[in-house]
Amino acid sequence: MDDAARTRIHTSFSNQTMMTTLGAELIEVAPGLIRISAPVLPGARQQQGFGHAGLTFSIGDSAAGYAALSVLPLDLDVVTAEIKINLLAPARGDRLIATGRVIKSGKRLCVVTAEVHAEDQGTSTLIAILQGTMAPVPLV
C-alpha cells in the first residue's frame with residue numbers, strides 16, 4: 001500500500017464526524033485490513049451499562065468500508081450497499097476494536113467482514129461479527 005492510499009484513508013476517516021463523536025481512531029491500515037478502536041464513552045452505553053450496539057455497528061461498518069477502500073483505485077470511494085451484524089456478547093469493557101477485512105473485491109461490489117472485540121481489563125472478547133457489501137462509487 002503506497003503513501004497516497006494511506007493518506008486517502010486517514011483523510012477520509014478524519015472527515016467522518018460520526019467517528020470523531022465516538023472518539024474512534026484508526027489503529028491499523030493495511031491492504032484489505034483496517035482496525036478501528038473506540039472508547040466506550042458514557043454517552044455510548046445502553047441501559048445496562050454495556051457499550052451500545054450502535055457503537056459496535058458504527059465502528060464495524062467503518063472498518064469494513066475502509067478495508068474495501070484500501071484495495072480500490074484512488075479515483076473511487078465506497079458506500080455501504082448492505083451490511084448485517086450478529087451480536088454475540090455484551091460490549092463489556094472500556095474499549096472496542098473493530099477489524100475489517102476484504103473477502104472479495106470486484107469492480108462493482110466488495111464483500112467485506114468485520115469482527116468487533118471488547119477489551120475489559122486485559123481480556124478481549126469477540127462481541128460481534130458483521131458481513132456486508134460495499135459499492136465502489138466515483139469520488140465527488
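**Charged pairs, sheet and helices**

Me: Is Glu119 buried, partly exposed or exposed?
Reply: The model is a predicted one. Glu119 has a relative accessible area of 28%. Buried needs under 20% and exposed needs over 50%, so Glu119 is partly exposed.

Me: With which residue does Glu119 form a salt bridge?
Reply: In general, side chains of opposite charge can pair when their charged atoms come close. For Glu119 and its partner, the closest N and O atoms are 2.9 Å apart, and a salt bridge needs them within 4 Å. The partner of Glu119 is Arg95.

Me: How many residues apart are Glu119 and Arg95?
Reply: Glu119 is in strand β5 and Arg95 is in strand β4. The pair links distant parts of the chain. The separation is 24 residues.

Me: Is Arg95 buried, partly exposed or exposed?
Reply: The relative accessibility of Arg95 is 32%. That value falls between the limits of 20% and 50%, so Arg95 counts as partly exposed.

Me: Which residue forms a salt bridge with Glu28?
Reply: The count of salt bridges comes to two. In the one with Glu28, the closest N and O atoms are 2.3 Å apart.

Me: Which are the edge strands of the open sheet of six strands?
Reply: The order is β1-β2-β4-β5-β6-β3, with antiparallel pairing. An edge strand pairs on one side only. The edge strands are β1 (25–30) and β3 (76–87).

Me: How many bridges join β3 to β6?
Reply: Strand β6 covers residues 123–138 and runs antiparallel to β3. Thr80 stands opposite Met134 in β6. The number of bridges joining β3 to β6 is eleven.

Me: Which strands does helix α1 touch?
Reply: Helix α1 (residues 3–14) packs on the sheet. Its direction makes about 160° with that of β1. The strands touched by α1 are β1, β2 and β3.

Me: At about what angle to β4 does α3 run?
Reply: Helix α3 has 17 residues and lies across β2, β3, β4, β5 and β6. The angle between α3 and β4 is about 40°.

Me: How many of the 17 residues of α3 are buried?
Reply: A residue is buried when its relative accessible area is under 20%. Helix α3 is mostly covered. The number of buried residues in α3 is 14.

Technical notes. Residues are numbered from 1 along each chain as its sequence is written. This is a predicted model: local features need pLDDT of at least 70, side-chain atom pairs count only at pLDDT 80 or more; totals for chains, interfaces and linings use all residues. Side-chain values use heavy atoms; hydrogens and water are left out. Helices (H or I, at least four residues) and strands (E, at least two) are DSSP runs, numbered from the N terminus. The expected span of a helix is 1.5 Å times one less than its number of residues. Buried means under 20% relative accessible area, exposed over 50%, partly exposed in between (1.4 Å probe, protein chains only). Two strands pair if DSSP finds at least two bridges between them. Contact means heavy atoms within 4.5 Å. Axes are lines fitted to C-alpha atoms, for helices over the stretch in contact, and angles run from 0 to 180 degrees between N-to-C directions. A salt bridge is a side-chain nitrogen of Lys or Arg within 4 Å of a carboxyl oxygen of Asp or Glu.
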